[in-house]
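Hi there,

Here is the structure I said I would pass on. Have a look at it first, and my notes on its pockets follow below.

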Amino acid sequence: DAMDVMAGAAISRGPNNLLMGGYNMTPIGITVEGANTLTRSLIIFGQGVTRSHPHLYDTMKTLQAKDDASGFNREVTNMIRHAVSNSVSSVVRSVSSSVSSLSAPTARLGRGKGGDEAVVDSAAVAHYEQQLSRLAATFAATTDLALLLGGALKREEMISGRLADALSSIYLGYATLWWCAKPGRSDMGGLGTLMHYTMDGLLRDAQVALDGVRSNFPIAPVRPAMALVAARALGATYPGPNDKLVEAAASLITHDTGVWRALQDDCFFPADASARITMLRDWMPRAVEADALSKALKREKREPTAEEAAFLQSVEDARDAIVQVDVFPELGAVAQSKDHVRPALLPYSPAVDAASIAGKKRAAAAGAA
């Protein structure tokens, strides 16, 4: 999204390119930090379920012992009891989440552009906690049924990938509520809107992932059981954020709101007022004010005063400076030579002609004969 907004300034190297450093570091997250397909498809769920399931690892150890039949029977019995408990919990929580959704608080969008007065509502936090609790129980019950695949689960990477997506969405949901409920943040202007937007999207993503596991599970008779423990017919549904909520969330970062100011935490802003990122921070509120002034002038059908005209011009000058793309007359020592011609502009001439290649093939064939 940032690349789209920055357009040409984001693909031209130079001091005006704010995104180049972060873009160049993207492979670090992929290769070093593990933000890749391998992590999603195998590690998150595969390693996670082995260590977090209360009985799976112990069951695996009895299999490795080879002669511990009593231990194996004990752990399998524990796994069955655990699966039944999770299934009942999933159905109960699905029903209770559906009931609570009838009185769920609506998203607080605030009034006007920015919606800075929409703060975190404790009732909304409680509602989302209950929905996450329901999805967590459904995830646990679905995981128990997915273990019926045994070792084949490692090869069903799309199934384990969807389970990883569900787990990640649930985790991020709890992290969002924790962050929003911390002291000093509940009164942050606009955070209520952003919380609704984030949670609605995460709940939808978790539900879509779990539905995908069920509808694509290789063992067809297990699919109805997954639908039963999920209690989709009884549980709440999550359509995701609607257009008004998306627009309200976007407005929070294009106006001087509490959320916009919070996003500046831990960001480095150069002391140089002409630095691009510093200008974006300093001039954005003035640009919003200038837009409102321009609309007022049109509505009132009058010319701006000298002071208003100077303010509008200063904002226009800053806007023009911010959108500039880096331009250099020459690049590198080679390009500075008057005789230098860019390789792309040179006429094409193949290094080896077709006749030479054909002659070599004939000679090779004759030698083989």
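The largest pocket holds about 1400 Å³ of space. It has 33 lining residues, and those closest to its centre are V5, I253, W260, L280 and M284. A pocket here is an open set of points on a 1 Å grid over the protein atoms alone, with protein on both sides within 12 Å along at least five of seven lines, and lining residues have an atom within 4 Å of a point. Volume is the space filled by probe spheres set on points joined across faces, edges and corners.

This is a predicted model, where local features need pLDDT of at least 70 and side-chain atom pairs pLDDT 80 or more, while totals for chains, interfaces and linings use all residues. Numbering runs from 1 along each chain as its sequence is written, and side-chain values use heavy atoms, without hydrogens and water.

Back to the largest pocket: α13 (276-300) gives the largest share of its lining, twelve residues. Helices are DSSP runs (H or I, at least four residues), numbered from the N terminus. By class, this lining has 23 nonpolar, three polar and seven charged residues.

The second largest pocket has a volume of about 460 Å³. Of its 17 lining residues, L56, M60, L147, G150 and G151 lie nearest the centre. Here α4 gives the most, with six residues, and the lining divides into nine nonpolar, seven polar and one charged. Ala, Val, Leu, Ile, Met, Phe, Trp, Tyr, Cys and Pro count as nonpolar, Asp, Glu, Lys and Arg as charged, and the others as polar.

Best wishes

Notes: 1 Å grid on protein atoms, 1.4 Å probe; cavity = no way out; pocket = protein on both sides within 12 Å on 5 of 7 lines; lining within 4 Å. Helix = DSSP H or I, 4+ residues; strand = E, 2+ residues; numbered from the N terminus.
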